[in-house]
Amino acid sequence: MQEQTDPPGEPNPGLVSTAIQAITQHIRSEGLAPGDPLPSEAAMTRQLNVSRTVVREAFRSLSAMRLIDMSAGRRATVAKLDTGAMSMVIEHGITTQQISVQQVYDVRRTIEMRTVALAALRRTNHEAAAIGRSARLMRENFRSPEAVMEHDIAFHEAIAAASHNPVFSLIVTAFSGVTRRTWVIGWRTRSSDEDQLKMIKGHEDIADAILKGDPRLAAEHMAQHFDKSVKALLDAGIA
């Protein structure tokens, strides 16, 4: 079968979209797992009867969406779950004022109340220790806001991991970019050491409820944490 060719310039977007669908369908139908190789560009070109340029652009698009991994001189492979694409969509929405920071925190509150309840029920001893360690490091480093922020982010990601639901981990981790844009602003509204340590104490209370295996108490503490965080952002003028 003769390979189709594109006119000079950019490949036809419709053909590229069709190629993307065909490649993702191949992943599903063949039951490919992360790390498994995809057909070569030449093979996909023959299979789809499109130009090499179309297939190459489809592969590039899938790579940008973090669905496949590509490296020079090697076959493309199925990618592991990656939060990059979701994180970029959320940050783009905020940057272009299509969504607000408050809307992101509203979603986070809903999701993280569920993740913390599951973590209290499902966590291993090692996971409970990791969550507690992040809270402890927040207190030990509270004179260094950026260090506290990173331990705070690690705290929430560790809770999501302890829920043993990879979808929650994917979503919570995708919020990290927004958190880094707003966290220090919220921290500065807590102008005294006492207020900052109260925020850290809230994390310690969550960690303790998880350690005790109490999902109701863990969810209550998480709700209070987000309510206070949203108030801090509102006080800072972030809508």
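Predicted model: local features only at pLDDT ≥ 70, side-chain atom pairs only at ≥ 80, totals over all residues.
Local features require pLDDT of at least 70, side-chain atom pairs count only at pLDDT 80 or more, and totals for chains, interfaces and linings use all residues. Residues are numbered from 1 along each chain as its sequence is written, and side-chain values use heavy atoms, with hydrogens and water left out.

The protein is divided into domain 1 (13–78) and domain 2 (83–236). These bounds come from an automatic or database domain assignment. The C-alpha centres of the two domains lie 36 Å apart. An unreviewed UniProt entry annotates residues 13–81 as "domain: HTH gntR-type"; such annotations may be inferred rather than shown by experiment, and their positions are given in the numbering used here. This span is 55% helix and 6% strand. Its end C-alpha atoms lie 26 Å apart. Helices (H or I, at least four residues) and strands (E, at least two) are DSSP runs, numbered from the N terminus.

Nonpolar cores were considered next. A core is a set of buried Ala, Val, Leu, Ile, Met, Phe, Trp, Tyr and Cys residues joined through side-chain atoms within 4.5 Å. Buried means under 20% relative accessible area, exposed over 50%, and partly exposed in between (1.4 Å probe, protein chains only). The largest core has 33 residues. Those with the most contacts inside it are I90, V116, I131, F155, I159, I206 and I210. Elements giving two or more residues to this core include α4 (84–95), α5 (101–122) and α10 (193–212). Helix α5 provides the largest share, eight residues. Contacts (heavy atoms within 4.5 Å) of I210 reach V116, A119, A120, R123, I131, I159 and A218, not counting residues up to four places away in sequence. Another core lies apart from the largest one and has 16 residues, among them I20, M44, V50 and F59.

Two aromatic pairs were found. Rings of Phe, Tyr and Trp (its six-membered ring) pair if their centres lie within 6.5 Å; planes under 30 degrees apart count as stacked, over 60 as edge-to-face and the rest as tilted. Y105 and F226 are edge-to-face, at 6.2 Å centre to centre and 65° between the planes. Y105 lies in helix α5 and F226 in helix α11, 121 residues apart. Both are buried. The W183 and W187 ring centres are 5.0 Å apart with planes at 15°, so this pair is stacked. Both tryptophans lie in helix α9 (residues 176–189), four residues apart, about one turn of the helix. W183 is buried at 8% relative accessibility, and W187 is buried at 3%.

The charged end of R108 sits over the Y105 ring, 5.5 Å from its centre. The criterion is NZ of Lys or CZ of Arg within 6 Å of the ring centre and within 35 degrees of the ring normal.
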